[in-house]
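Here is a friendly walk through one protein model. Keep the 3D view open as you read.

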Amino acid sequence: MQADYAIIGGGIVGLSVAWGLLGRGHKVIVIDGEDGAFRASRGNFGLVWVQSKGMTQPRYAEWSQGSAAAWAGYAAELAEETGRDIPLDQRGGLDLHFSDETLEKTVAQYETLKSKLGGNYPYEILRGNALRREEPHLGPKVAAAILHHQDGHTNPLRLLVALADGVRKRGGRVVNGRRVVEAAKPDGFRLTCDDGTVIEAGKVVVTAGLGAAQIGPQLGFKAPVRPQRGQVLITEKLPKMINRPSLIARQVDEGGIQIGATNEEVGHDDRVTTPGVAHLAAEAVAAYPFLARAQLVRSWAALRILTPDGLPIYQQSREMPGAYLVTCHSGITLSAAHARFLPEWLDATEAAPNLEVFSEDRFTL
Ligand SMILES: Cc1cc2nc3c(=O)[nH]c(=O)nc-3n(C[C@H](O)[C@H](O)[C@H](O)COP(=O)(O)OP(=O)(O)OC[C@H]3O[C@@H](n4cnc5c(N)ncnc54)[C@H](O)[C@@H]3O)c2cc1C
């Protein structure tokens, strides 16, 4: 099998990049691991989220804002090509606060970031009646909320299915159930899968999530990624109760209320735990008391892919030019940027975004 680009990893990041590269006329093969592999793309919270991103690195805030701004056009194009609906609501998102103390601390950070972004950080603080008018079902324990107008949410599973379909419709090839175990560059790149399949490509993009830690070093990357567990709950379908998503809960397009997620440093353990679920439920009921009467229908856990500073990595290999590492912990938010802007960077065009601050050179191992 031969291609211009071989993409190692067919989660949301790999498929977004593949779809974008196909749109630029490239021949693309995506190789995606076995069923039992860790897949953050199948277990996340679906936020297209800007607030709180880039507090320590304004370029990350800008990159997230650019992606959020491109999202509607991107989703519409993908929906039109595939005939699949990709629900997207970008009427803003809420950061709920139970005390003025945490609110003031967050607002101080937002103001610093806002000035670094030349004022482009549209948020407002809602309290009392103004907040209850927006979210009538919030409980009395919620002191205030920050409404950030660039936030929103989608249905991440519908996005994943549409992308897999979109990649095929654009003529891409997706090889499922095979893991790349060897990567070499005798002339062009030569990837060998666990079943012996060989793929030759002019360029390689590693979008293997946590799997980048294994395959990345063969292509000259440090790939310092680690897992962080997030547990999530979902309720029965309910009438409209929550208008805007928050980091505590959101009402999905199908009616269920998704509650989450924990942040746990437990290695590669992706099990659901009683304390984890109890913590989520207690916080959600404190924010939205009606949830005490809602039936939970499912819980799950998935592993985030984190770098040491939480920022993405966009890196071309020095040892093997033509190989790229792409990883991030907000693959839903950044899906539009990965489909629309990153291919320009991979093709090194004049329109390539400047991603220097996301080089993995910032980590010394
Ligand atoms: C609980 C939770 C909540 C989240 N909420 C949000 C949110 O609200 N908004 C947001 O933007 N992001 C969110 N995220 C993060 C988001 O889900 C991830 O950033 C995104 O899914 C990462 O996608 P990925 O393609 O990099 O990784 P994955 O989905 O993990 O895919 C990697 C793929 O690579 C394959 N692979 C690995 N090694 C190899 C190999 N050697 N050969 C071939 N294939 C290989 C695997 O089989 C896998 O399919 C959340 C994550 C979690 C866990």
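Is the crossing of helix 1 and helix 5 left-handed or right-handed? It's left-handed. Keep in mind that you're looking at a predicted model.

Two packed helices are described by the angle between their axes and the distance between the axes. Here, the axes of helix 1 (residues 12–23) and helix 5 (residues 156–169) come within 9 Å and cross at roughly 40 degrees. Angles under 35 degrees count as roughly parallel and 65 to 115 as roughly perpendicular, so helix 1 is oblique to helix 5.

Who does the touching? On helix 1 the contact residues include I12, L15 and W19, while P156, L159 and G166 are among them on helix 5. Sorted by class, this contact has eleven nonpolar residues, two polar ones and no charged ones.

Most residues other than glycine have a negative phi, and most peptide bonds are trans. Now for some exceptions. G260 and A261 are joined by a cis peptide bond, with omega at about -15 degrees. You'll find A261 in the loop between strand 15 (256–260) and helix 7 (274–287).

A223 isn't a glycine, yet its phi is positive, near 45 degrees. A223 sits in the loop between helix 6 (212–215) and strand 13 (226–237), and it's buried at 5% relative accessibility. A348 has a positive phi too, about 50 degrees. A348 lies in the segment after helix 9 (342–346) and is exposed, with a relative accessible area of 64%.

## A word on cysteines

The model has zero disulfides. C193 is buried at 2% relative accessibility, and C328 is buried at 7%.

Terms used: Residues numbered from 1 in each chain as written. Predicted model: local features only at pLDDT ≥ 70, side-chain atom pairs only at ≥ 80, totals over all residues. Heavy atoms only, no water. Disulfide = S-S within 2.5 Å. Buried < 20%, exposed > 50% of the residue type's maximum accessible area, 1.4 Å probe, protein only. Axes fitted to C-alpha atoms, helices over the stretch in contact; angles between N-to-C directions. Helix = DSSP H or I, 4+ residues; strand = E, 2+ residues; numbered from the N terminus. Parallel < 35°, antiparallel > 145°, perpendicular 65-115°, else oblique. Left-handed = near helix turned anticlockwise from the far one by under 90°. Contact = heavy atoms within 4.5 Å. Nonpolar A, V, L, I, M, F, W, Y, C, P; charged D, E, K, R; others polar.
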